[in-house]
Amino acid sequence: MIPPERFTTGRLIIRRAQPSDAGAMFERWAQDPDVTRYLSWTPHRRVEDTEAYLAFCTRQWEARREFVWMLQAAESDTLIGSISARPGDHGINLGYLLTRDAWGGGLMTEAATAVTEWWLAQEGVFRVWATCHPGNAASARVLEKSGFQFEGRLRRWEEYPNAGAEPMDSLSFSRTVREPSAPDNRP
Ligand SMILES: CC(C)(COP(=O)(O)OP(=O)(O)OC[C@H]1O[C@@H](n2cnc3c(N)ncnc32)[C@H](O)[C@@H]1OP(=O)(O)O)[C@@H](O)C(=O)NCCC(=O)NCCS
């Protein structure tokens with residue numbers, strides 16, 4: 001399944017990442033330790049790191065393994081972040097970030113809701129889910145505001161190389177096509 005290369009929302013253009021985004025991405029967020037604090041990668045040191053990442057994104061898209069879009073402010077064309085979707089196990093794993101000066105305005109809630117709702121309308125997709133570091137209150141709140149439910153704490157689930165050397169717990173949230181019908185056998 002290949003998603004659209006472009007979505008639009010009230011305030012955003014969400015369009016496929018391109019190799020030519022490297023300069024803006026490097027300058028605006030890829031080297032920023034505040035943005036990357038709870039991400040799975042360390043800040044980029046040189047624009048070549050960002051170029052290599054975007055080349056990887058192109059290969060991932062072609063292989064349908066992961067889809068990465070850039071977020072552009074609709075009225076200014078400025079790149080303000082990215083959002084990604086990784087298919088697997090009848091679901092989609094979402095990732096996202098915003099450049100620091102775009103935090104706090106509800107923009108990621110807008111982007112995450114649009115991308116999630118597109119996936120949930122596709123045949124064979126039953127679940128969209130995302131994890132975050134337990135200290136990442138803004139991300140947890142974005143997921144709640146986007147209609148996701150907290151489903152548990154995954155112990156030692158993920159590496160957060162900017163927060164520590166070992167795998168750490170993650171909070172997991174999901175939105176599903178409908179509530180599960182299977183009986184819950186727990187007391
Ligand atoms: C996570 C992130 C995308 C949030 O985007 P955003 O557009 O600023 O989010 P929103 O404005 O829609 O909502 C943020 C919510 O978190 C709340 N929040 C922010 N910081 C908080 C904190 N430290 N403690 C508690 N709540 C916090 C805000 O009050 C807001 O909730 P409200 O609308 O109920 O007031 C942004 O902070 C970011 O890019 N962070 C760095 C990258 C990252 O961590 N990505 C996610 C990886 S899982």
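User: In which strand is Arg 15 found?

Analyst: This is a predicted model, and in it Arg 15 belongs to strand β2.

User: Why is Arg 15 called buried?

Analyst: Buried means under 20% relative accessible area. Arg 15 has 10% relative accessibility, so it counts as buried.

User: What makes the link between Arg 15 and Gln 72 a polar contact?

Analyst: The cut-off for a pair of N or O atoms is 3.5 Å. The side chains of Arg 15 and Gln 72 are joined at 2.8 Å, and the link therefore counts as a polar contact. Leaving out residues up to four places away in sequence, Gln 72 is one of the residues that Arg 15 touches; the others include Glu 5, Arg 6 and Leu 79.

User: How do you know whether Arg 16 is buried or exposed?

Analyst: Arg 16, also in strand β2, has a relative accessibility of 15%. The limit for buried is under 20%, so Arg 16 is buried. Its side chain makes a polar contact of 2.9 Å with the side chain of Glu 62. Beyond its neighbours within four places in sequence, Arg 16 is in contact with residues including Trp 61, Val 68 and Trp 69.

User: Which residues touch the most other members of the largest nonpolar core?

Analyst: They are Ile 14, Trp 69, Ile 83 and Trp 119, in a core of 32 residues. Among the elements that give two or more residues to this core are β2, β3 and α4. Helix α4 gives the most, with seven residues. There is also a second, separate core of 13 residues, which includes Ala 17, Met 25, Trp 29 and Val 68.

User: How many aromatic pairs does the structure hold, and why is the pair of Phe 67 and Trp 119 called tilted?

Analyst: The structure holds nine aromatic pairs. The ring centres of Phe 67 and Trp 119 are 5.9 Å apart, and their planes stand at 35°. Planes under 30 degrees apart count as stacked and those over 60 as edge-to-face, so an angle of 35° makes this pair tilted. The pair links distant parts of the chain, with Phe 67 in strand β3 and Trp 119 in helix α4, 52 residues apart.

User: What makes the pair of Trp 118 and Trp 119 edge-to-face?

Analyst: Their planes stand at 80°, which is over 60, so the pair is edge-to-face. The centres of these two rings are 4.9 Å apart.

User: Why is Trp 119 called buried, and Trp 118 partly exposed?

Analyst: Trp 119 has a relative accessible area of 1%, under the 20% limit, so it is buried. Trp 118 has 21%, which falls between the limits of 20% and 50%, so it is partly exposed. Phe 67, at 0%, counts as buried.

User: How many residues surround the ligand, and which are the closest?

Analyst: There are 21 residues around the ligand, and the closest are Leu 98, Gly 104, Thr 109, Arg 141 and Lys 145. A polar side-chain atom of Thr 109 lies 2.8 Å from a ligand oxygen atom. A backbone N or O atom of Gly 106 also lies 2.8 Å from an oxygen atom of the ligand. Taken alone, the ligand exposes 960 Å², of which the protein buries 69%.

Methods. Residues are numbered from 1 along each chain as its sequence is written. This is a predicted model: local features need pLDDT of at least 70, side-chain atom pairs count only at pLDDT 80 or more; totals for chains, interfaces and linings use all residues. Side-chain values use heavy atoms; hydrogens and water are left out. A nonpolar core is a set of buried Ala, Val, Leu, Ile, Met, Phe, Trp, Tyr and Cys residues joined through side-chain atoms within 4.5 Å. Buried means under 20% relative accessible area, exposed over 50%, partly exposed in between (1.4 Å probe, protein chains only). Helices (H or I, at least four residues) and strands (E, at least two) are DSSP runs, numbered from the N terminus. Rings of Phe, Tyr and Trp (its six-membered ring) pair if their centres lie within 6.5 Å; planes under 30 degrees apart count as stacked, over 60 as edge-to-face and the rest as tilted. A residue is near a molecule or strand if one of its heavy atoms lies within 4 Å of it. A polar contact is a pair of N or O atoms within 3.5 Å; within protein, one must be able to donate a hydrogen and the other to accept it, and residues adjacent in sequence count only if both atoms are side-chain atoms. Accessible areas come from the Shrake-Rupley method with a 1.4 Å probe; for residues, only the protein chains shown count as cover. Contact means heavy atoms within 4.5 Å.
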